[in-house]
Amino acid sequence: MVDLYPEYDDSVLVLNPLGRIDGTNAKAFEEALLGRIDAGDNQILMNFEGINYISSAGLRVLLMAAKRTSQSAGQLALCAVQDHIQEVFKFSGFAEIIPIHDDRPGALSSF
Amino acid sequence: MAGRIVGMISILTLVGVAAAAALLLGLAVDSEEDSGRQAALVLAESVARSLVNADLPSLSDSEVNDLIRVNVPAPDDSDSDIAELQDIWVFNPQARLAASSEGARTVTRDEIVPARGAMEPGAVTLVQSLPDGRYAGTAAIRGADGTALGAVRVEFTSNRIGTHFELYRGEYLIGVIAVVVALIFVSWFLAKRLARPIGIMVRAARAVEDGRQPEPSVAAVLRNTSLTRDEYGELAGVFLDMAREVGAREIRLNAQVEERTVELSEKNRALETAQREIRNDLEMAHSVQAALVPSDLPEDPRAGVAAFMTPALDVGGDFYDAFLTDDGRLAFAIADVSGKGVASALMMAVGRALLRSAANQHPDPSRAVASTNDQLCGMNPKELFITAFFGVIDLELGTLTYVNAGHDPPYIIRPDEAPEMIPHTGGIALGVLPDLNYTETTIPLDAGTALYLYTDGITEAENANGQQFGRERLEEKLAGSTVVEPKELMDGILTDLREFSGDAKQFDDITCMALQFVGGSVTLEPYIPGRGDARLASGWRRMVVQPQLESSLPRVTAFIERFAETEGFNPAEVFRINLALDELLTNTLEHGFEGRVHEADISVAIRSEGDSVIVRYEDNGSEFNPLQATEQDTELELVERPIGGLGLQLIAASFDEVTYERVDDRNVTTMRQSRESSEEDSG
């Protein structure tokens, strides 16, 4: 089970995952994140400060989460994404569809 | 002893013989005792006496006839022998007929001769048997001086016709029957007397034979019999003595058997207790031995380790060890303590602990082994010794430095090469002599190289026919193995070994260890003909990837990081290469093998070429061109965007140039990235 280190800032659920999100743990990451959404959270900020690797398997989970939140008029956003990770979002086009903020306060103000 | 029985039998015999003799005698004297003859004698003499005083010459026939009337018995006298007195003749001294009851008649020779005979001086009365049951008696008539005055002849018919025997047949028969009955009765009585004690003794003997006491009634009879003074008494007495002796002996024997049985069961109990203790000791030693080999083997992305040990039932002294030294190298050992039992197991525990601590104190394996040897020699009262192979892999440099102290040389299996024995360093077993110098040897390890270490429990394992598994078979199996992943390699050999051994008893510990150096070091991948691009011949670093994402991904990452470190790549470059390989590997494992993942042959190779880095990914999965699968429109709205297919797109985006070719049924994806541009990108 992936620990998302969840916390609430007002109505926004802030998640602080650590390390890698790749094919080996994507499933656990998916269960943890979508579990949160199924439980009713639809304003979610992913603090990527501690994430140093993400593969397409991780991107898929983020895409699923973004779709789910938008379906219930919510939002999924990222913040503090490391440069090389940011590149992945750029290459994949995800940067266009998932809001990426430089830091946490800026991100929170967008909700 | 009185011969009572003999006496009785003798008497009985005499009685029988006497009875028979009497019977025979009776028959023999039959004619002599003819009562008719006796009657003739008596009658003739009686008539003669009555005529002594008579005047014989003047005797008239009528007077003679009167004599008949006088001498004829009463008609009702049935006891008399004379039925009818027929004639009386009187003769003169010249044997002429003087008078007769029949009157004048002719006298025959048969009548004259007896008369003359009877009148001879001193003659007796003559008797004749005549036909028709008649008798005749002729007696002399003698005067006082004995001179014959004449003779008289009487003829009569006997009342009892026949011989005495014929006449008294009934009486004889009754007598004989009585004697026979008496004999039978006496015999029966005797037989009973003779047989009864024998029957009793037979019953008593049976009882004794069966180990019982004779029944009281039988015993009483025997005792009574023994009191009598005959042969049976003697026999019964002897028998009773014997029975008593047998009984006593039986009792003594039973007591002895009982005693021995008790002794035996006590000894058995003691033996069982001792065995249980030994078994408990062995089981404890067994579990101690099993517990003394590390259950956690070091985990490092740069190397895989698998090890296995089954202690033999009577506890040997094999051990293996693998651990990361304090300075981050991978140290490993396999060893076999001489002998079996608790002492060997303890020696093994000590040996392993010493070697481990020495490995951390001394970076050089030769010094670590020498130090271990010295310490073992100082605490080895049982003169045990340890054959050991000790090696240290420098995971950074990709080298193996090892010392072989009298152990079977392990095998090295370089990628796509036949297994070879690791050359011996010529060291002798540990614990034999102190102050020895051990030689160490260093050999380079290519990425993907596997090592296989074992103890003689494997090569000397026997099958039911007593054949050993042997080194040749081991080499054959190693050469035939298509895998080099340590656990699979090791399990494959163990499976072969079990198939070979079958149900045969395991005599020795079975211990083996497999290692694979995954990569992360500066080694050259040799050119492999028929495997794609000939340019692989030089400058490449390559690793074989196991088809298991969880274990392989960290290793591939470590491999790339190690390469990047030596080449001075920045983290962004490392990230992109890793991401691309991750995506390719994930894709291959998800789609490329459809149920035949065990056949997977996947490798990653990387090299610097001028200012570029080239990454080459090969797999033997189903044909798949990643370039044709990257046509996902990244511009689609979020809700319309399909999930999946992203990874390959990331690859294309990460590299300047991505090419795909299908070579020898393998997918070969080559990615090239200019260093300068990546540095620019990463900013």
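**View 1. B:Ala322 stands opposite B:Phe332 in strand E8 of chain B.** Welcome to a predicted model, in which local features need pLDDT of at least 70, side-chain atom pairs count only at pLDDT 80 or more, and totals for chains, interfaces and linings use all residues. Residues are numbered from 1 along each chain as its sequence is written, while chains are lettered from A and ligands numbered from 1 in the order in which they are written. Strand E7 (318–324) and strand E8 (residues 330–337) of chain B run antiparallel and are joined by seven bridges. Helices (H or I, at least four residues) and strands (E, at least two) are DSSP runs, numbered from the N terminus, and two strands pair if DSSP finds at least two bridges between them. Helix H9 (residues 342–361) of chain B packs on the sheet and touches E7, E8 and strand E9 (386–394) of chain B. The direction of H9 makes about 155 degrees with that of E8(B); axes are lines fitted to C-alpha atoms, for helices over the stretch in contact, and angles run from 0 to 180 degrees between N-to-C directions. A contact here means that the C-beta atoms of two residues, placed from the backbone, lie within 7 Å.

**View 2. The open sheet around this pair has five strands, in the order E7-E8-E9-E10-E13 (chain B).** Its pairing is antiparallel. At the edges are E7 and strand E13 (441–444) of chain B, each pairing on one side only. On average, neighbouring strands of this sheet are turned by 15 degrees against each other, direction ignored.

**View 3. Another open sheet of five strands runs E6-E15-E14-E11-E12 (chain B), again with antiparallel pairing.** Strand E6 (303–310) and strand E12 (420–421) of chain B are the edge strands; each has a single partner strand, so one side of each is left without a neighbour in the sheet. E6(B) and strand E15 (residues 510–517) of chain B run antiparallel, joined by eight bridges. Within E15(B), B:Ala514 stands opposite B:Ala306.

**View 4. A hairpin is formed by E3(B) and E4(B), with three residues between them.** Take a look at the turn, where B:Asp132 has a positive phi of about 60 degrees. Strand E3 (residues 126–130) and strand E4 (residues 134–142) of chain B pair in the antiparallel sense over five bridges. B:Val127 has B:Gly137 in E4(B) as its bridge partner.

**View 5. A:Ala80 and B:Asp435 are non-glycine residues with positive phi.** A:Ala80, with a phi of about 55 degrees, sits in the loop between strand E6 (75–79) and H3 of chain A. It counts as buried because it has 20 C-beta neighbours inside 10 Å. B:Asp435, with a phi of about 60 degrees, lies in the loop between E12 and E13 of chain B. That residue counts as exposed because it has 8 C-beta neighbours inside 10 Å. A residue is buried if 20 or more other C-beta atoms lie within 10 Å of its own, exposed if 12 or fewer, and partly exposed in between, with C-beta atoms placed from the backbone.

**View 6. Chain A meets chain B through 21 residues of chain A and 24 residues of chain B.** On the side of chain A that touches chain B, helix H2 (56–71) and helix H3 (83–92) are the elements that give two or more residues. H2(A) gives the most, with nine residues.
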